[in-house]
Amino acid sequence: MSNISDDVLIASLTLAGTVIAFFVREWMKRRMLRQMLFAEICSFIAVIETMQLDSSFESLIKSPPQKWSYVSHEDYFTLFEANASGLGLDGETVSHVVACYEFMKGARDARRSAASWGADNLELCRSELRRSADLLAHSLDEAAQATERLIKRDFRTGPMKRAMERILHSRQISEIAERWRTVADRPIPADITRSMTS
């Protein structure tokens, strides 16, 4: 009788260990995916900053080139799109991540539209560039909310905060968003406006 009890006990412990190991693996996988999503968001912001796109936008708004083109790829945010269901995120965090990506795509589309107008209609070109800058500011606002929620979701916030500081060089996402809002709202100097109508 004790042999059967020992066998049942061993089988039960083995089964329990397998189930626990499965759940631990799944938890670790989700945690890793959330951290990768966090890094993906921070990295796309760092690219915008490194390229100093806000200065480029200001120059383009002031003086759009006579002819230019805009080329973009559609697969920017592959990590989230491929793993959205497996991230284990709450609805509010998901809404911030989705809004961040959608505003970014809208900003990209507005830049493409600006390039299509170019010299044919400088005012429409400028309007689209401003709209792109405004959409980028909205994207960054959503990114700030998403990264904050992703940090809070992780029980060890220190590594994620350090990663954010390393990637963004200690700049706050909200400050970057405000700079883009300024680019979108800055008035065009009167001398530039006069030269457009002459």
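Which residues touch the most other members of the largest nonpolar core? Here are my notes, with that point taken up under the third number.

1. A word on the model before the details. This is a predicted model. The secondary structure comes to eight helices and zero strands, and reading along the sequence gives the pattern α-α-α-α-α-α-α-α.

2. On the overall fold, 38% of the 198 residues count as buried. Among contacts with a separation of 6 or more, 87% are accounted for by residues 24 or more positions apart.

3. Now to the opening question. The largest nonpolar core has 42 residues, and Ile 41, Ile 45 and Trp 180 are the ones that touch the most other members. Two or more residues each are given to this core by helix 1 (2-50), helix 2, helix 4 (91-117), helix 5, helix 6 (157-168) and helix 7 (173-185). Helix 5 supplies the largest share, with 12 residues.

4. Ile 45 is worth a look in your viewer. Leaving aside neighbours within four places in sequence, Ile 45 is in contact with Leu 140, Ala 143, Leu 168, Ile 173 and Ile 176.

5. Next, the pairing of helix 4 with helix 5. These two helices pack at an angle of about 165°, with their axes 7 Å apart. Because angles over 145 degrees count as roughly antiparallel, helix 4 is roughly antiparallel to helix 5. Their crossing is left-handed. Sorted by class, the contact of helix 4 with helix 5 has 17 nonpolar, nine polar and six charged residues.

6. His 96 deserves a point of its own. Not counting residues up to four places away in sequence, His 96 touches Glu 142, Gln 145, Ala 146 and Arg 149.

7. Helix 5 has a second pairing to check, with helix 2. Helix 2 (residues 53-62) and helix 5 (residues 122-153) pack at an angle of about 160°, and their axes are 9 Å apart. These helices are therefore roughly antiparallel to each other, and helix 2 passes helix 5 in a left-handed crossing. On the helix 2 side, the contact is made by Phe 57, Leu 60, Ile 61 and Lys 62. On the helix 5 side, the residues are Arg 126, Leu 129, Arg 130, Ser 132 and Ala 133. By class, the residues of this contact divide into five nonpolar, one polar and three charged.

8. Staying with helix 5, have a look at Ser 127, which lies in this helix. Ser 127 counts as partly exposed, because its relative accessibility is 37% and the partly exposed class runs between under 20% for buried and over 50% for exposed. Ser 127 and Ala 110 are 17 residues apart in sequence, while their C-alpha atoms are 9.1 Å apart in space.

9. Finally, a backbone point. Where does Gln 52 sit? Gln 52 is placed in the loop between helix 1 and helix 2. This residue has a positive phi of about 50° although it is not a glycine, and I would be glad to hear what you make of it.

How values were computed. Residues are numbered from 1 along each chain as its sequence is written. This is a predicted model: local features need pLDDT of at least 70, side-chain atom pairs count only at pLDDT 80 or more; totals for chains, interfaces and linings use all residues. Side-chain values use heavy atoms; hydrogens and water are left out. Axes are lines fitted to C-alpha atoms, for helices over the stretch in contact, and angles run from 0 to 180 degrees between N-to-C directions. Helices (H or I, at least four residues) and strands (E, at least two) are DSSP runs, numbered from the N terminus. Angles under 35 degrees count as roughly parallel, over 145 as roughly antiparallel, 65 to 115 as roughly perpendicular and the rest as oblique. A crossing is left-handed if the near helix is turned anticlockwise from the far one by less than a right angle, and right-handed if clockwise. Contact means heavy atoms within 4.5 Å. Ala, Val, Leu, Ile, Met, Phe, Trp, Tyr, Cys and Pro count as nonpolar, Asp, Glu, Lys and Arg as charged, and the others, Gly among them, as polar. A nonpolar core is a set of buried Ala, Val, Leu, Ile, Met, Phe, Trp, Tyr and Cys residues joined through side-chain atoms within 4.5 Å. Buried means under 20% relative accessible area, exposed over 50%, partly exposed in between (1.4 Å probe, protein chains only).
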